[in-house]
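This report describes one protein chain for a reader who is new to structures. Please look through the sequence and the model before reading on.

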Amino acid sequence: MENPDNKTQVVLLACGSFNPITNMHLRLFELAKDYLHETGKYNVIKGIISPVGDAYKKKSLISANHRVTMAKLATESSDWVQVDDWESSQNEWLETLKVLRYHHQKLASSNPANSLQNAVPLIKPGRKRKQEANRYIPVKKNQLNPETKGVPQLKLLCGADMLESFGIPNLWKLEDITEIVANHGLVCITRAGNNAQKFIYESDTLWQHKNNIHLVEEWITNDISSTKIRRALRRGQSVRYLVPDAVRAYIEKHNLYSPESEDRNAEVILAPLQKYARGCKQEQTL
């Protein structure tokens, strides 16, 4: 890609439930883009919304098909933010790091300066595709170096709640957090009075890579959340001007949110908690 200003090109990736997508989700991209451009060092060329798959098993999580469709409706008017359904179409829950790796590989393989032969295979050879759809070959650090010639940096866009979720036991693997902040970096949208900086200071891992974590303060505060949107919808209250009109119309047409939908997965343990807690118990028995 041509970059006449010698600025680092950046692609922003936001992962999450988007249940449903709100105007605040879209604002995160605009806030991050403005901040990075104002540094004079970066040129944001694309934003990607990647809704999580149904296998995440989060309480009240409706079908990925609906969530992806709403996200696409919400971004129809954007000339730089798009929706990718690869993560949501997987049969198994995928760690955020694997989603980052996938999109980095796509960026690298689409660049003429990088041979397709150097791309990390997503599927092991000699196995059936159906069985290996979600498996990865281990990726070496230099293969995911954000400074790879001609390849834009891929940064994870998030809110302070996701950053602070790094401290929840069994929700993230430490090696995943390390690779995310070291090889990609974070753009985290915070609010006045938020403790994101303190959280980074108290984490040795995050502090070591603090220069790769961009904290963007949101001065025009907005308290919209998917949880509050669902609550209003259950109570028959208006959500106009809180979500894009096309999303609101889609929700009403399909009657998506109700007391019944809110109880979905209520008795199910979140996928990462299941996986990592099970792994810890296995290690303890060895």
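## The chain as a whole

The structure is a predicted model. Its protein chain has 286 residues, and 48% of them are buried. Twelve helices and six strands occur in the chain. Among contacts with a separation of 6 or more, 77% are between residues 24 or more positions apart. The accessible surface of the chain is about 15700 Å². Carbon and sulfur atoms account for 47% of that surface.

## The largest pocket

Rolling a probe the size of a water molecule over the atoms shows where empty space is left. The largest pocket holds about 1200 Å³ of space. Its lining has 45 residues, and those closest to the pocket centre are Cys 15, Gly 16, Lys 58, Asp 161 and Met 162. Several elements each give two or more residues to this lining, including strands β1 (8–16), β4 (153–159) and β5 (186–191). By residue type, the lining divides into 23 nonpolar, 13 polar and nine charged residues.

Helix α10 covers residues 245–254, and its buried residues are Val 247, Arg 248, Tyr 250 and Ile 251. Seen down the helix axis, these buried residues fall within an arc of 160 degrees, so they line one face of α10. An α-helix has 3.6 residues a turn, so residues three or four places apart point the same way. Which elements do the buried residues of α10 pack against? They pack against α2 (64–74) and α9. On the other side of α10, Glu 252 and Lys 253 are exposed. Just after the helix comes Asn 255, with a positive phi of about 50 degrees.

Helix α6 (residues 174–184) also has a list of buried residues: Asp 176, Ile 177, Glu 179, Ile 180, Val 181, Asn 183 and His 184. Gly 185 follows α6, and its phi is positive, near 105 degrees.

## The loop between β1 and α1

Pro 20 is in the loop between β1 and α1. The peptide bond that joins Asn 19 and Pro 20 is cis, with omega at about 0 degrees. Ile 21 lies in the loop between β1 and α1 too. Is Ile 21 buried or exposed? Ile 21 has a relative accessible area of 0%, so it counts as buried. Beyond its neighbours within four places in sequence, Ile 21 is in contact with Leu 26, Ile 49, Met 70, Ala 71, Ala 74, Val 243, Pro 244 and Val 247. Val 247 is one of the buried residues of α10. The C-alpha atoms of Ile 21 and Lys 72 are 9.6 Å apart, although 51 residues separate the two along the chain.

Most residues other than glycine have a negative phi, and most peptide bonds are trans. Ser 60, which is not a glycine, has a positive phi of about 70 degrees. Its place is the loop between β2 (42–51) and α2. Asn 265 is likewise not a glycine, and its phi is positive, about 65 degrees. Asn 265 is in the loop between α11 (259–262) and α12.

## Loop residues compared by accessibility

| Residue | Relative accessible area | Class |
|---|---|---|
| Ser 60 | 2% | buried |
| Asn 265 | 16% | buried |
| Asp 223 | 47% | partly exposed |
| Lys 41 | 56% | exposed |

Lys 41 is in the loop between α1 and β2. Apart from neighbours within four places in sequence, Lys 41 is in contact with Lys 7, Thr 8 and Leu 36. Its C-alpha atom is 8.3 Å from that of Asn 6, which is 35 residues away in sequence.

Asp 223 is in the loop between β6 (213–218) and α9. Not counting residues up to four places away in sequence, Asp 223 touches Arg 191 and Lys 228. The C-alpha atoms of Asp 223 and Met 24 are separated by 8.0 Å, while the two residues are 199 residues apart along the chain.

Terms used
Residues numbered from 1 in each chain as written. Predicted model: local features only at pLDDT ≥ 70, side-chain atom pairs only at ≥ 80, totals over all residues. Heavy atoms only, no water. 1 Å grid on protein atoms, 1.4 Å probe; cavity = no way out; pocket = protein on both sides within 12 Å on 5 of 7 lines; lining within 4 Å. Points joined across faces, edges and corners; volume = space filled by probe spheres on them. Helix = DSSP H or I, 4+ residues; strand = E, 2+ residues; numbered from the N terminus. Nonpolar A, V, L, I, M, F, W, Y, C, P; charged D, E, K, R; others polar. Buried < 20%, exposed > 50% of the residue type's maximum accessible area, 1.4 Å probe, protein only. Contact = heavy atoms within 4.5 Å. Areas by Shrake-Rupley, 256 points an atom, 1.4 Å probe, with all protein chains shown as cover. Arc of directions from axis to C-beta.
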